Amino acid sequence: MGREEFLFLLTGLKWTVALSAVAFVCGCVAGLMVALLRTSGVAIIERLTAGYIAVFQGTPLLMQLFVVYYGLALIGIQMDAWAAVSVGLTLHASAFLGEIWRGSIEAVPRGQTEAAKALSLGYVSRMKDVVLPQAIRISLPATVGFLVQLIKGTSLASIVGFTELTRAGNIISNQIFQPLTVFGIVGALYFLMCCPLTIYGAHLERKFLTASR
Amino acid sequence: MSQVRTSDNSIEPMISLSGVGKWYGAFQALDSINMSVAKGEKIVLCGPSGSGKSTLIRCINHLEAYQKGDIHVGGIRLGHGSKVIDAVRREVGMVFQQFNLFPHLTVLQNCMLAPMRTLGLNKPQAEGRARTLLERVKISEQAEKYPAQLSGGQQQRVAIARALCMRPKAMLFDEPTSALDPEMVKEVLDTMIALAEEGMTMICVTHEMGFARQVADRIVFMASGVIVEEAPPAEFFSNPKHERTRKFLGEVLGRH
Amino acid sequence: MNYTLDFTPVIDGLPNLLWACLGTFTLAISGMLLAIVIGIGGVILRQSRVKLLRWLVIGFVELIRNTPFLVQIFFIYFALPLAGIRLDPTPTAIIALGINGGAYAIEIIRGGVQSISKGQTEAGLALGLHKAQVFRLIILKPALRTIYPSLTSQFILLTLTTSIASAISAYELTSVSQRIESDSFRSFEVYFTVTVFYLVISWVMMRIFAFFSARYFSYPLR
Ligand SMILES: Nc1ncnc2c1ncn2[C@@H]1O[C@H](COP(=O)(O)OP(=O)(O)O)[C@@H](O)[C@H]1O
Ligand SMILES: [Mg+2]
């Protein structure tokens, strides 16, 4: 495999990183909404968000991307593959992060909310100043773990036709007929992105375990 | 009570240790342990934490391997072959500080498991035996419950019954009341006293000095992996010979 | 917005889709079984005295966990023939799913075995049971109970991952739906319906897992 081909893979890598970043950042914002709705205390809203989460956790990411991709076109929103896939991955991330953070919010001892209420703090301050800072700390290992899932998940954008790292690999592999070399390198690039995050997540988890003992 | 007559060779001891040495890596946990327990004899083993009491009794049923000396149980030399080890474990029951009942089995099943699997009893035989022994530790109404549904004292009595279901020739107790709430200690000690009165050979690691005074034929005091002193209870309490023993007794009796 | 939904191609393709669900189940179940075998084998090797073996297992687990399944399945798809193994896409997909799920299973099962206190083993040995009996009669059930939630949610994930096997045209729900889609151009209708199918499949899987859990792990914990 020549320099040309490798550079093409790196272009794909760039898009994988961009896609992961956009989906993660937007997913965090939307996920926070999901988590807050899921713990709002209003039964009907909690039920609905639980359903939203269950749908994303109970169906393949690939199908989610297909449905969003063709569904957006259907309601008249014309988007290129890049934008459609970003929307799909964002929704996917919002459900998973929402569920992770719901768990963390519920893991903050009840007494914290009660103490904040006793100090006559309103909902916003109670969440922003008391509960969320603690919940975020608790959720950090799982959140980093999900980021790894998300990066790996962006590879499915290739099936929808967006040229990120995996599709770049497919294209090169079809050109030079060395699939093992190409996918070996593609795999190594993913590994280089994900492994540091995995190690960092494990480190956070250990730190959290020893701190809570 | 049966007194040991070490000079009399015709009475073979039930359990004997001679020159036993045990190392954890470079750390020596037991050093030249000599001890002989006759049939029906009750030994209380005491000493400060970390002195090697658990290690010693765990060597007797080979939960720990030892590197030096000899251990005989019921005339069998406890070597390293698995046949011998199995034979010894069938003859010697053990009760742990943490009960170690099996959480996924009912009280009755806990008691039936080993007799069926190692002694080859069939189900009715094992169940009959288990119910009799549960009766004896006064817990027969709980037979169908799971360990998690019992109090600590009840769990420990089940553990004793479970060990007795193997019809052991000797019983080892490793601090059987240390993990119990104070109000449950008595029910377990009473069970052990009843067992002693029936003539069971027993080695008990315990700091319950009242129990030791009442039941023990001999008290063995250990420190730093060696046996410092051994004597019948009256002598042990009234006239301890070693400074370490006096210090230990001061702490244990002072606390109670 | 002058589009009207038309589910006729989906209804016409329903028998094919239902058969394909069976294909998805087959992939999922076979993949799980292979994953369990790899998981148990990996745990045993992971505790081996040979350092090299332990590191091989660790390396395998991290390699699989830090690369996308899509890349893994492509790699295996192209690697097997080079190793002289000619297989259809479906068995190839099962191997890929088993390898992927196996890496996760190794970590989960290892955690379960470690969670059982040493006292349980010692109590079993002290009663005269053999090592193998202790594992089978005493350790196994509580260990399985401990890891059951994480193992089953991993298996749900594996079930959903089968859809990626469509990339090598294995016989399962997604690839069949893609065929119907490309014949009819009713993309949204097809994929929406199939998404509902998947929801039902993972729900059925969860019910099956819950059924086993209620049957075998109902003893109380403190
Ligand atoms: N598995 C082990 N590995 C290393 N050292 C051990 C182990 N078990 C016990 N020891 C050490 O051996 C000594 C005796 O322990 P133990 O027999 O448990 O004492 P006791 O029961 O009298 O409190 C202690 O110093 C302890 O730290
Ligand atoms: Mg001890």
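## The helix of chain A

In chain A, helix α1 covers residues 3-38, which is 36 residues. At 1.5 Å a residue it should span 52 Å, and its end C-alpha atoms are 50 Å apart, so the two values agree. The expected span is 1.5 Å times one less than the number of residues. Helices here are DSSP runs of H or I with at least four residues, strands are runs of E with at least two, and both are numbered from the N terminus.

α1(A) also bends, by about 25 degrees at Cys28(A). That bend is the angle between axes fitted to the seven residues ending there and the seven starting there.

## How to read the model

This is a predicted model, in which local features need pLDDT of at least 70, side-chain atom pairs count only at pLDDT 80 or more, and totals for chains, interfaces and linings use all residues. Residues are numbered from 1 along each chain as its sequence is written, chains are lettered from A in the order in which they are written, and side-chain values use heavy atoms, without hydrogens and water.

## The sheet of chain B

Chain B holds an open sheet of four strands. Their order is β2-β1-β4-β5, with antiparallel pairing. Two strands pair if DSSP finds at least two bridges between them. β2 (27-37) and β5 (76-77) stand at the edges with a single partner strand each, so one side of each has no neighbour in the sheet.

Strand β1 of chain B (residues 15-24) runs antiparallel to β2(B), and seven bridges join them. Trp23(B) has Gln28(B), in β2(B), as its bridge partner.

## Chain C

Chain C has nine helices and zero strands. Its C-alpha atoms fill a box of roughly 75 × 45 × 30 Å along the principal axes. Of its 222 residues, 50% count as buried, meaning under 20% relative accessible area (1.4 Å probe, protein chains only).

Contact means heavy atoms within 4.5 Å. Among contacts in chain C between residues at least 6 apart in sequence, 78% join residues at least 24 apart.

## Where the chains meet

Two pairs of chains are in contact, and chains A and C share the most contacts. No contact joins chain A and chain B; their closest C-alpha atoms lie 21 Å apart.
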